[in-house]
Amino acid sequence: MTRTFQLFSSLSALTCSAGASLAQPGFAERTISTNADRARSVFAADVDGDGDMDALSASLFDDKIAWYENDGASPPAFTERIITTDAGAPFSVHAADLDGDGDTDVMSAAGFFDQIVWYENNGATPPAFTERVLTITAEGGISVFAADLDGDGDNDILSASINDDTVEWFQNNGATPPFFLRRTISIAADGVSSVFAADVDDDGDIDVLAAASIDDEVIWYENNGALPPSFSKHIISSTADGARSVYAIDIDGDDDLDVLSASRDNNTIAWHENDGMALPGFTERVISTTADLASAVFAIDLDNDGDNDVLSASANDDKIVWYENDGAVSPGFTARVLSTNADAAISVHAADMDGDGDHDVLSASSTDDKIAWYESDLDPFACPADLNGDGFTGSTDMAILLGSWGVNAFGDLNGDGITASADLAILLGSWGSCQ
């Protein structure tokens, strides 16, 4: 009687811990290409419109933008298809539908040619691409991204160029093919290395984020919502030593966007907690200080527990690492190494590459010229609390769990070595059919 009271009187506390990971995914490394000479960037998108995710890369020494066609098998194989070998030392690749025709176009930022370019997808099978140069004066083009910055329903292009400290955007006029009007956001982002776009202040328009490596700054530029918009600079951090990469996502589950950064000179992966105010303030919270020459950061829910985990690429230790979010109000993170074989790891991304419902990881590493993906073995349709295997989590499973209370037995659903209240929370949270 006492045990029952203790169990059920603590259900409110259990709810808080129910987001803990049900299983830690393992990742099998699979090589997509070792021919991306001095690989610099990796991205994933459905380039050919066949319903599966293809990979894209930018590589410096062969001036190449390529995509790798996913054959849809399990696991998939990838066929390299070259978009261009005249990209002028491209540092960044991105993909989105720029001309509103329903297929995925490609963008690049080129450091040697000082170019921002988009490649128009013709929608064929497989697609061919027409190069369209936006500018040849983005000095040291290093990062490119696409988002609807002016709220008119089409994707604009955002870029960073490191040698002229410039963050700018190219306004899409919606024509066929579109014309892009160049507009400056800042010419004072000293050593800008990365750009991203998201609604940071939750006012319905898209703001811009940047990492400035010489200023050591993580910055957001507030969109004022005008047509065309103007942008006001706000500093998130001025201690991101050698800031290299920036990303935004909700890390703590409070429904606002937090900001992530990778800073190479202090080997740090950090998240900056958004306080949710109309003009948000940010509190830096360090995830790791051992990402040796941190090069890139990304985030997504890798373990399907409802919170967003963090990924990093670091060049000096050749590592791709994911940091498991424990789901707490102020989350903690456990570092889990995916690979130590990504020689000079420089870029990381995640997407469901094999169509099995979980998120796989992609990397670009420059010294070994490699584009790789890491297949997650997580079964998103698994039913961990179905202890008797009948396809339903119910009273029989509850009886099994309670019967093993306090010992390491069938009821240990979270793998901590004991059947206890956290396991009961998982069972109650998955009550019902496994389908």
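Which residue forms a salt bridge with Glu-120, and how far apart are the closest N and O atoms? I looked this up before anything else. Glu-120 pairs with Arg-132, and the closest N and O atoms are 2.7 Å apart. I count a salt bridge when a side-chain nitrogen of Lys or Arg is within 4 Å of a carboxyl oxygen of Asp or Glu.

**Ground rules**

This is a predicted model, in which local features need pLDDT of at least 70 and side-chain atom pairs count only at pLDDT 80 or more, while totals for chains, interfaces and linings use all residues. Residues are numbered from 1 along each chain as its sequence is written, and side-chain values use heavy atoms, with hydrogens and water left out.

**Entry: salt bridges**

I searched the whole structure and got twelve salt bridges. Back to the pair I began with: Glu-120 sits in strand 8 (residues 115–121) and Arg-132 in strand 9 (residues 129–135), so I was looking at a link between distant parts of the chain, twelve residues apart. Helices (H or I, at least four residues) and strands (E, at least two) are DSSP runs, numbered from the N terminus.

I checked how covered the two partners are. Glu-120 is buried at 16% relative accessibility, whereas Arg-132 is partly exposed at 28%. My cut-offs are under 20% relative accessible area for buried, over 50% for exposed and partly exposed in between (1.4 Å probe, protein chains only).

Next I looked at Arg-336, which forms a salt bridge with Glu-324, again with the closest N and O atoms 2.7 Å apart. Arg-336 lies in strand 25 (residues 333–339) and Glu-324 in strand 24 (residues 319–325), so this pair ties together parts that are twelve residues apart in sequence. Arg-336 is partly exposed at 22%, and Glu-324 is buried at 9%.

I also noted Asp-368 with Lys-370, where the closest N and O atoms are 3.7 Å apart. Asp-368 is partly exposed at 21%, but Lys-370 is buried at 9%. Glu-29 joins these two residues in a network of salt bridges.

**Entry: strand 28**

Lys-370 took me to strand 28 (residues 370–376). How many of its residues are buried? I found seven of seven. In a regular strand the side chains alternate between the two faces of the sheet. On one side of strand 28 I listed Lys-370, Ala-372, Tyr-374 and Ser-376, and on the other Ile-371, Trp-373 and Glu-375, and all are buried.

Then I looked for its partners, taking two strands as paired if DSSP finds at least two bridges between them. Strand 1 (residues 27–33) runs antiparallel to strand 28 and is joined to it by six bridges. Phe-27 has Ser-376 as its bridge partner there. The hairpin of strands 27 and 28 has four residues between the strands, and Asp-369 takes a positive phi near 60° in it.

**Entry: Asp-309**

Is Asp-309 buried or exposed? It is buried, at 0% relative accessibility. I placed Asp-309 in strand 23 (residues 309–314). I skipped its neighbours within four places in sequence and listed its contacts (heavy atoms within 4.5 Å). Among them are Phe-298, Ile-300, Leu-302, Trp-322, Tyr-323 and Glu-324.

I traced an open sheet of four strands in the order 14-15-16-17, with antiparallel pairing. Strand 14 (192–198) and strand 17 (231–237) are the edges, each pairing on one side only. From one strand to the next the twist averages 25°. For such angles, axes are lines fitted to C-alpha atoms, for helices over the stretch in contact, and the values run from 0 to 180 degrees between N-to-C directions. Strand 16 (residues 217–223) pairs with strand 17 over six bridges, and Glu-222 has Ser-232 of strand 17 as its bridge partner.

**Entry: a nonpolar patch**

Which residues make the nonpolar surface patch of about 280 Å²? I noted Phe-392, Leu-428 and Trp-431. Patch residues have over 30% relative accessible area and no salt bridge; like charges are joined within 9 Å, and nonpolar side chains (Val, Leu, Ile, Met, Phe, Trp, Tyr) within 5 Å. Accessible areas come from the Shrake-Rupley method with a 1.4 Å probe, and for residues only the protein chains shown count as cover. Leu-428 belongs to helix 4 (residues 421–429) and is partly exposed, with a relative accessible area of 31%.
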